[in-house]
Amino acid sequence: MKYLRLKKAKEITSVLKSGKRLHEKTLTLVYFPSEATAMAVCVGKKFGGSVQRNRIKRLLREAFRGYLPLLTPCKVLLIPKKKEAYFYGEFSRDIGKLLEKERLIERRTG
RNA sequence: CGAGCGGACUACGCGGCCGCGGCGUGCGAAAGCACGGUGAGGAAAGUCCGGGCAUCGCAGGGCAGGACGCCUGAUAACGUCAGGUGAAGGCGACUUCAAGGAAAGUGCAACAGAAAUAGACAACCGCCCCGUCCUUAUGGGCAGGUGCGGAUAAGGUGGAAAGGCGAGGCAAGAGCUCACCGACGGGACGGUAACGCCCCGUGCCAUGUAAACCCCGUCCGAUGCAAGUUUGGGAUCUCUCCACAUAGGGUUGCCCGCCCGGGGAGAUCCGCGAAUAACGCUCGAGCCUAUCGGUGACGGUAGGCCUAGAUAAAUGGCCGCGCCAGACAGAACCCGGCUUACAGGUCCGUCUCGGAUC
RNA sequence: GGCCUUGUGGUCAAGCGGUUAAGACGGCGCCCUCUCACGGCGCAAUCCCGGGUUCGAUUCCCGGCAAGGUCA
């Protein structure tokens, strides 16, 4: 299951403007319904050097990938919150909570 | 055995499942799918130097500006490296050093101190003069002088005070004289050289600062892959700037020289991806092994290898084992260095010092 | 990725190698006043950090760190 990447500044700003924002402890999720699923992560300089930033991006992508087969198509923006340390488990749990809340995924039976 | 010194290397590993960026092959109209193989560092970092490469100048000169600075070598080049010299530090192995010139000139040296680059003052000594005391007198003592001469040793300071220390000498003193040390000049020898060492001579010939200006020597055109190349179209109209030349524009900060006849902005129509697409973009001063030359940096020869090329930007997640933890940190045109960050581990040495034993 | 700039009390800042490191706003304490304001006096600085040159460094040199600007 593949997903597209949100690349262009226009698209990202349009999602930021007209999308719906949801907050959890570790991150902010912005989404806007669409025909194809597309995702972008947003990690600024304040999160540290390139090693730190790359790590956060990878964790977010991996966590998002877990919910991909069950997802109704939409454009998604993931923005982490600054913390001492970052874990895959936390990101995955919070994304799951938010997506379930908005009924963007089918409730898993397991 | 303990404490060190110098050098080299490594940077979690293995297995399973899921996933990511290029590449190759196959299938497919395409999106894509399958398989194979590949995929971050010693610093990829800071951007501090040096190159390659590209564009501009048409590749000329001068000034200004900048960098470097013991010697010899290595190198494409360097502010780098190697070997040596000198100085400083350490018992030692060894380490550190922007290490030319202060008699080319200029500047600065607070406070303190009599005085800061050099004259004076106070103090010292002799002569002369005057006062006073002792003495018959000669002579002597004490205190002094707008006087003359000698002379810079001592003077609480200070980073620095006119070579140092000792002896002689003198009215008092002074390289005035002598020995030793230092400095300067000359010569012989060794070394490619920096320099070393020895001999002779000169009483000594001028504080520090050049990471102050500067002088001497060597080197430097500017801009940087967001460089730059290709596609990025065509037509019409309007406005505006400058000009027919001692002007204007371009050219490196300036001058000379050289080059140019137009430049800029907006609107409409066909067209439409314009922070875009492709190239640049990875085979290169490349890496590995052997061998030869060299003390070494490095170079020669032979054989083998192909080893990231992304562009909102690829290495991750989960599980198991090794003991549970595993540093600093992520390529963005490419190389050579320097500097800075860094958990742990491994290896080497006719290495050094101390202790014990034989 | 490249090229630049700047770091001085809480804030804005001056500072030609020798200063008690100016000044303004703000803060705190005291005086003045019945009280407040105004006014007066005083206090508060690791000169971003670490080395070096120098007798002496906020200033000069080297290396870090942080903040900011710029390119199409």
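Figure 1. Phe47 is placed in the loop that runs between strand β4 (38-41) and helix α2; helices (H or I, at least four residues) and strands (E, at least two) are DSSP runs, numbered from the N terminus. The model shown here and in the following views is predicted, so that local features need pLDDT of at least 70 and side-chain atom pairs count only at pLDDT 80 or more, while totals for chains, interfaces and linings use all residues. Residues are numbered from 1 along each chain as its sequence is written, chains are lettered from A and ligands numbered from 1 in the order in which they are written, and side-chain values use heavy atoms, with hydrogens and water left out. With a relative accessible area of 7%, Phe47 is buried; buried means under 20% relative accessible area, exposed over 50%, and partly exposed in between (1.4 Å probe, protein chains only). Apart from neighbours within four places in sequence, Phe47 is in contact with Gln52, Arg53, Ile56, Pro80, Lys81, Lys82 and Tyr86, where contact means heavy atoms within 4.5 Å. Between the C-alpha atoms of Phe47 and Gly19 the separation is 24 Å in space and 28 residues in sequence.

**Figure 2. The aromatic cluster of Phe47, Tyr86 and Phe91.** These three residues, Phe47, Tyr86 and Phe91, form one aromatic cluster. Rings of Phe, Tyr and Trp (its six-membered ring) pair if their centres lie within 6.5 Å; planes under 30 degrees apart count as stacked, over 60 as edge-to-face and the rest as tilted. The count by this rule is two aromatic pairs. The ring centres of Tyr86 and Phe91 are 6.4 Å apart and the planes stand at 15 degrees, so this pair is stacked. Tyr86 and Phe91 are both buried.

**Figure 3. Ala63 in helix α2.** Helix α2 covers residues 50-67 and contains Ala63. Ala63 counts as buried because its relative accessibility is 1%. When residues up to four places away in sequence are not counted, Ala63 touches Tyr88, Phe91, Ser92 and Ile95. Phe91, one of these partners, also belongs to the aromatic cluster with Phe47 and Tyr86. Ala63 and Asp94 are 31 residues apart along the chain, and their C-alpha atoms are separated by 9.4 Å.

**Figure 4. Thr37 in the loop between β3 and β4.** Thr37 is found in the loop that links strand β3 (27-33) and strand β4. A relative accessibility of 12% is the reason why Thr37 counts as buried.

**Figure 5. Glu11 in helix α1.** Glu11 forms part of helix α1, which spans residues 9-18. Because its relative accessibility is 29%, Glu11 counts as partly exposed. Residues up to four places away in sequence aside, Glu11 touches Leu6 and Lys75. From C-alpha to C-alpha, Glu11 and Gly89 are 29 Å apart in space, and they are 78 residues apart in sequence.

**Figure 6. Chain A as the setting of the close-up views.** Chain A has three helices and five strands, and from the N terminus on its elements follow the order β-α-β-β-β-α-β-α. The radius of gyration of chain A is 13 Å, close to the 13 Å that the globule rule gives for 110 residues, so chain A is as compact as a globular protein of that length; this radius is taken over C-alpha atoms, and the rule is 2.2 Å times the number of residues to the power 0.38. Along the principal axes, the C-alpha atoms fill a box of roughly 35 × 35 × 25 Å. Of the 110 residues in chain A, 38% are buried. Among contacts between residues at least 6 apart in sequence, 77% join residues at least 24 apart.
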